[in-house]
Amino acid sequence: MDLLSKIEAQTGTGKSSGQIELLLFRLHGKTLYGVNVFKIKEIMPAPAISKVPKSDPRIVGLLDVRGQILSAVDIALALDMPPQDLSKDDVTLLYMEFSRQTLCFLIQDVERIVYFNWHDMRLPPDIISHKPYITAITTYENQIVQVIDIERILLDVMGDDIQMHAIDLDDQALFAEKTLIGVDDSRVARAHLKKIFDKLGVDYHIVKDGKEVLELLETLEKDAESEGKLLSNDILAIISDVEMPEMDGYVLTQKIKADPRMKHLPVIMHSSLTADANMAMGKGVGADAYVPKFQPRELAATLETFFAAI
């Protein structure tokens, strides 16, 4: 049994639908942080670290993980905190895979894995929303848990070049006739969606969670009805993240597909969770496509496919 399975067996009660599974840990013995277990491929004691000269200071070296050489990031440094003491024996490695990228994060003071309901996750207060490293906040045993935006760290460390020049459209003018709706709780992911939509030259709305999408669709449906049109005549697609506070992408898709007024609207799952199991879950709730985050060419090609089918 690997370390991840041992932690789950010792501390978990089993995940059910509508829940998020968080690995809880502390930095410097204080604040409680969480990362989504679904993004973790494996947890293990950290092997020997090979230092790399003149590298990004957050990258503390290279690791050999089952024959694969990977960069190791001190998650404290990535969050602009003092470095962890990585010479201790309790250093834990999180081998993470998302958006077709792999990276290792080093942490200490691992506590347990806990299951939270999505509706118990909250967006950070507006006063700190400009700080992009925390994507959600919840509580556990009367303590605040800050959920780290791993995608933000990945882009900071590996580069924030979305390669918009990679988008090659057969007929960009087609998109000017339609509206896109994007939803993501991550500030950086919303910014990337905006770049893509601007490049496409399309009208769009970008919101933070599934509940906001349903409220927006209700408003747009009323407007369309008053003009004697169908909502599907205006909306090309809804591009939804999977993991979001208040209402996740799976529940959002189920609600859209269960509503006779909206069921014909294409829903594209747009997530950093790119394992086959995640894609199967998206298909199971009625998603029309599943595209990894930060792959603008693939997203544009998928949208062109939907337009061609109209």
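Mentor: Gladly, and we begin with Val-52: at 32% relative accessibility, Val-52 counts as partly exposed, since buried means under 20% relative accessible area, exposed over 50%, and partly exposed in between (1.4 Å probe, protein chains only). Please keep in mind that this is a predicted model, where local features need pLDDT of at least 70, side-chain atom pairs count only at pLDDT 80 or more, and totals for chains, interfaces and linings use all residues. Residues are numbered from 1 along each chain as its sequence is written, and side-chain values use heavy atoms, with hydrogens and water left out.

Trainee: Where does Val-52 lie, and what makes the nonpolar surface patch?

Mentor: Val-52 sits in the loop between strand 3 (40–45) and strand 4 (59–65); helices (H or I, at least four residues) and strands (E, at least two) are DSSP runs, numbered from the N terminus. Together, Val-52, Leu-62 and Ile-69 make a nonpolar surface patch of about 230 Å². Patch members have over 30% relative accessible area and no salt bridge; like charges are joined within 9 Å, nonpolar side chains (Val, Leu, Ile, Met, Phe, Trp, Tyr) within 5 Å. The areas come from the Shrake-Rupley method with a 1.4 Å probe, and for residues only the protein chains shown count as cover.

Trainee: Why is the pair of Phe-116 and Tyr-140 called edge-to-face?

Mentor: Rings of Phe, Tyr and Trp (its six-membered ring) pair if their centres lie within 6.5 Å; planes under 30 degrees apart count as stacked, over 60 as edge-to-face and the rest as tilted. The structure holds 3 aromatic pairs. In the pair of Phe-116 and Tyr-140 the ring centres are 6.3 Å apart and the planes stand at 75°, so the pair is edge-to-face. This pair links distant parts of the chain, with Phe-116 in strand 8 (residues 110–117) and Tyr-140 in strand 9 (residues 134–140), 24 residues apart. Both residues, Phe-116 and Tyr-140, are buried.

Trainee: Why does Met-269 count as buried, and which residues does Met-269 touch?

Mentor: Met-269 has a relative accessible area of 0%, so Met-269 is buried. Met-269 lies in strand 14 (residues 267–271). Contact means heavy atoms within 4.5 Å; not counting residues up to four places away in sequence, Met-269 touches residues including Ser-240, Tyr-250, Val-285 and Tyr-290.

Trainee: What makes Glu-218 and Arg-261 a salt bridge?

Mentor: A salt bridge is a side-chain nitrogen of Lys or Arg within 4 Å of a carboxyl oxygen of Asp or Glu. The side chains of Glu-218 and Arg-261 meet at 2.7 Å, N to O, in a salt bridge. The pair links distant parts of the chain: Glu-218 is in helix 5 (residues 210–226) and Arg-261 in the loop between helix 6 (249–258) and strand 14, 43 residues apart. By this rule the count comes to 11 salt bridges.

Trainee: Are the partners Asp-56 and Arg-58 buried or partly exposed?

Mentor: The closest N and O atoms of the Asp-56 and Arg-58 salt bridge are 2.7 Å apart. Asp-56 has a relative accessible area of 23%, so Asp-56 is partly exposed. Arg-58 has 18% relative accessibility and therefore counts as buried.

Trainee: How confident is the predictor in the protein?

Mentor: The protein averages a pLDDT of 81, and 84% of the residues score at least 70; pLDDT is the predictor's confidence in each residue, from 0 to 100. Over residues 3–16 the pLDDT is below 50.
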